[in-house]
Amino acid sequence: MNSQQHYQIIAEALHWLCENQQDQPGLEELANHVGLSQHYLQRLFQEWAGISPKQFLKHLTKVQAMERLRQGQTVLDSAISSGLSGPGRLHDLLITTQAMTPGEARRKGLGVDVNFGYGCTPFGEALLAWTGKGVCFLGFCHEEGKQFTWDHFKQQWPDANLAENGPEANKKLAEIFNESERKHLKVWLRGSPFQLKVWEALLDLPAGTHCTYGQLAAFTGHAGASRATGSAVGRNPVSWLIPCHRVINSLGGLGGYRWGTNTKQAMIGYEAAVSTGQKG
């Protein structure tokens, strides 16, 4: 099997576990669903995620979500009290963010050359777009479908000069999701000053932790602006890279997610399990 086939299998396995977590399915049931032997699936899952399907399933529980929420609260409270942002994901992933100028944003992509393509990720098929200045869109198709993702991309870049490049999209997605291939990533963001501040705050929330919309609002210096903060989170143009999946509600529930709640839960479960370094 090639890497794309591996991605498809892992994506299907992650989504199926999210859909059936209440039943706590075993390895045999999962292997039957994806059509592989238990041994091969266990090895493939372990190679990709560094954890077993059983450990992944454990991290989907609400108890685990609440614990990560408490951890995130501690991280954010410390950052707020010191007036400093934490090291967080910004440095972990070597992401450089660059905002568009107001003029560039108003032109809605007019005159901008934007490359795009669909490719495989551990969370299903994704649509990636980029310019010479960096990645400008990343959305997922597994739950809502390709047309839904395409429509959101076009809303972001209605007047751009679009050029499809599937092979390059797959290459870039491999760099994003494979740590051994990861390079310095540049992200080019189109948003209001408030949105940019929220997105940059998300980059400072360490992997494996959660926060609420209220906590995130306070972190950006806009305590009480939970609704506006939630709107900014929902308009994040580069999902996963800017980890809006780490924002949940105060009771430990997932809350909404543009690309589907199972996709969000798969991201949370994977990231939380890997961040603990648990094996087996």
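How many helices and strands are there in the protein? This predicted model contains 13 helices and six strands. Of its 280 residues, 49% count as buried. Among the contacts with a separation of 6 or more, 70% are made by residues 24 or more positions apart.

- Helix α8 gives the most to the lining of the second largest pocket, contributing three residues.
- By class, the lining of this pocket comprises six polar, three nonpolar and three charged residues.

**Aromatic pairs and a charge over a ring**

- The structure holds 15 aromatic pairs.
- One of these is the edge-to-face pair of phenylalanine 123 and tyrosine 270, with 6.2 Å centre to centre and 65° between the planes.
- This pair links distant parts of the chain, 147 residues apart: phenylalanine 123 is in the loop between β2 (113-121) and β3 (124-131), and tyrosine 270 is in helix α13 (residues 261-276).
- Phenylalanine 123 and tyrosine 270 are both buried.
- A cluster is formed through ring pairs that link Phe116, Phe137, Phe148, Trp150, Phe153 and Trp259.
- Lysine 146 lies over the face of tyrosine 118, and the distance from the ring centre is 4.3 Å.

**Residues with positive phi**

- Glutamine 24 has a phi near 50°, a positive value in a residue other than glycine.
- The loop between α1 (3-19) and α2 (27-34) holds glutamine 24.
- The position of tryptophan 240 is in the loop between α12 (226-234) and α13.
- Why does tryptophan 240 count as buried? Its relative accessibility is 7%, and buried means under 20%.

**Alanine 217 in helix α11**

- Alanine 217 belongs to helix α11 (residues 213-219).
- Because its relative accessibility is 0%, alanine 217 counts as buried.
- Which residues does alanine 217 contact, leaving aside its neighbours within four places in sequence? The contacts of alanine 217 are with His222, Ala223, Ala225, Ser226 and Thr229.
- Between alanine 217 and arginine 227, ten residues apart along the chain, the C-alpha separation is 8.9 Å.

- With a relative accessibility of 39%, glutamate 200 counts as partly exposed.
- Proline 243 lies 43 residues from glutamate 200 along the chain, and their C-alpha atoms are separated by 9.8 Å.

- Histidine 142 is in the loop between β4 (134-140) and α8.
- The relative accessible area of histidine 142 is 33%, so this residue is partly exposed.
- Not counting residues up to four places away in sequence, histidine 142 touches Glu12, His15, Phe123, Gly124 and Glu125. Of these, Phe123 is the partner of tyrosine 270 in the edge-to-face pair described above.
- The C-alpha atoms of histidine 142 and alanine 126 are separated by 7.8 Å, with the two residues 16 apart along the chain.

Terms used: Residues are numbered from 1 along each chain as its sequence is written. This is a predicted model: local features need pLDDT of at least 70, side-chain atom pairs count only at pLDDT 80 or more; totals for chains, interfaces and linings use all residues. Side-chain values use heavy atoms; hydrogens and water are left out. Helices (H or I, at least four residues) and strands (E, at least two) are DSSP runs, numbered from the N terminus. Ala, Val, Leu, Ile, Met, Phe, Trp, Tyr, Cys and Pro count as nonpolar, Asp, Glu, Lys and Arg as charged, and the others, Gly among them, as polar. Rings of Phe, Tyr and Trp (its six-membered ring) pair if their centres lie within 6.5 Å; planes under 30 degrees apart count as stacked, over 60 as edge-to-face and the rest as tilted. Buried means under 20% relative accessible area, exposed over 50%, partly exposed in between (1.4 Å probe, protein chains only). A charge sits over a ring if NZ of Lys or CZ of Arg is within 6 Å of the ring centre and within 35 degrees of the ring normal. Contact means heavy atoms within 4.5 Å.
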